[in-house]
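Welcome, and please load the model in your viewer.

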Amino acid sequence: MRKTVMRPDELVVDIAFPSPPPGTRSAFYKLGLRKAQAISVVNAAIVLQMDEGVVQTANITLGSVAPTVIHAPEAERSLVGKTLEEEVIERAAALAAEEASPIDDLRGSAAYRRHMLKVGVRRTLQRLAEGREREAMPEHPVTLWGGEPPRAGKAPAACEHPATGVIETTINGRSYRFTSGFDKSLLRLLREEAGLIGTKEGCAEGECGACTVFLDGVAVMSCLVPAPRAHGAEIVTVEGLAQDGALHPIQQAFIEEGAVQCGYCTPGFLMSGAKLLEERPTPRREEILEGLTGNLCRCTGYYKIISAVERAAELG
Ligand SMILES: Cc1cc2nc3c(=O)[nH]c(=O)nc-3n(C[C@H](O)[C@H](O)[C@H](O)COP(=O)(O)OP(=O)(O)OC[C@H]3O[C@@H](n4cnc5c(N)ncnc54)[C@H](O)[C@@H]3O)c2cc1C
Ligand code: FES
Ligand code: FES
């Protein structure tokens, strides 16, 4: 069971981080079984306060290698007052690996984690030493927000929903009024209360993307959204992709390319693909991979799905 320090009637409404002072350099390392939406095998966040190449303060936090995220105080101390020379980096990486207490689990063994932690901390410090910390960051990442960030005017103002209220919402252009299902996920509201069973449940915990729908124009995993969030919202499900009897280009392309085997993942891929094409009408291959990274398929091997998105861009 996941645990939290919050009481049942508490909700986090704001988190504030002070701006880092001048001279702050930072980088994050994550090793996961896939690039996005995967719980880390190992991760490390490093924040250094530098003055003319000399480390003034160091923060090294390590994730997935202890019961909670931990600091690596010995490694941090070893960096203070030093320049990021090779042997300084090597020593800090070794200390960080010693300070972790990883376990064996389905994502990796303790020994592998400890080894990769050392590798990761060393590489991250090298990136900082060489000023390469922004290297792997895409300039214009695919968001599946349909272009604009939701907070740049697309999302409606937050609205309250009393526990005994009614959920009034629009799904695929049609008005719905729900008097039950308030304690469900949006996925279960759609399937069980609205009878829209095109949206699938794969994992029910945000891993597989089979439940992807559009909520106020943004692709979301509906298994992670509380049903009352639908109140006052505009939702599009896979049943709403075709317009006036004509398939959406992404649906047509999936048929033409044979991008379906068992089909269970297909509604989620169609929704992510449609939102990607809205955001990038002629996506590059890397953008397609990025856009579909939250969707898992156990049958096809992905090649035909990627071809289908390329074909859909041609169909326009
Ligand atoms: C597949 C997956 C893999 C992940 N991997 C990692 C990882 O490797 N490392 C990492 O650091 N993080 C990871 N995360 C993210 C981490 O789990 C989340 O960042 C964190 O749990 C989210 O906290 P939050 O409070 O922002 O959650 P939210 O998702 O906002 O909410 C969490 C809970 O609150 C409920 N809730 C949301 N809004 C409301 C509301 N308005 N009123 C009442 N209840 C509400 C939700 O239903 C949910 O139960 C992963 C998440 C997923 C889905
Ligand atoms: S069912 Fe929602 S992500 Fe898997
Ligand atoms: S076609 Fe079977 S999971 Fe994707």
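Helices here are DSSP runs of H or I with at least four residues, and strands are E runs of at least two, both numbered from the N terminus. Colour by secondary structure and you will find nine helices and nine strands in the chain. Before going on, note that this is a predicted model, in which local features need pLDDT of at least 70 and side-chain atom pairs count only at pLDDT 80 or more, while totals for chains, interfaces and linings use all residues. Residues are numbered from 1 along each chain as its sequence is written, and side-chain values use heavy atoms, with hydrogens and water left out.

**The whole chain**

Zoom out first. Along the principal axes, the C-alpha atoms fill a box of roughly 65 × 50 × 40 Å. Of the 316 residues, 42% count as buried, meaning under 20% relative accessible area with a 1.4 Å probe and protein chains only as cover. For contacts (heavy atoms within 4.5 Å), take those between residues at least 6 apart in sequence: 56% of them join residues at least 24 apart.

**Charges**

Next, select Lys and Arg as positive and Asp and Glu as negative, leaving out His and the chain ends. There are 35 positive and 41 negative side chains, and the centres of the two sets lie 4 Å apart. Each charge is placed at NZ of Lys, CZ of Arg, CG of Asp or CD of Glu.

**An aromatic pair**

How many aromatic pairs does the structure hold? There are two, where rings of Phe, Tyr and Trp (its six-membered ring) pair if their centres lie within 6.5 Å. Select Tyr-176 and Phe-178: their ring centres are 5.7 Å apart with planes at 15 degrees, so this pair is stacked (planes under 30 degrees apart). Tyr-176 is buried at 13% relative accessible area, and Phe-178 is buried at 5%.

Stay on Phe-178, which lies in strand 6 (residues 174–178). Beyond its neighbours within four places in sequence, Phe-178 is in contact with residues including Val-166, Ile-167, Leu-189 and Ala-194. Pro-228 is 50 residues from Phe-178 in sequence, and their C-alpha atoms are 9.7 Å apart.

**Cysteines**

Finally, select Cys-208, buried at 12% relative accessible area, and Cys-297, buried at 6%. The structure holds zero disulfides, a disulfide being a pair of cysteine sulfur atoms within 2.5 Å.

Definitions and conventions. Chains lettered and ligands numbered in written order. Buried < 20%, exposed > 50% of the residue type's maximum accessible area, 1.4 Å probe, protein only. Phe/Tyr/Trp six-rings, centres within 6.5 Å; stacked < 30°, edge-to-face > 60°.
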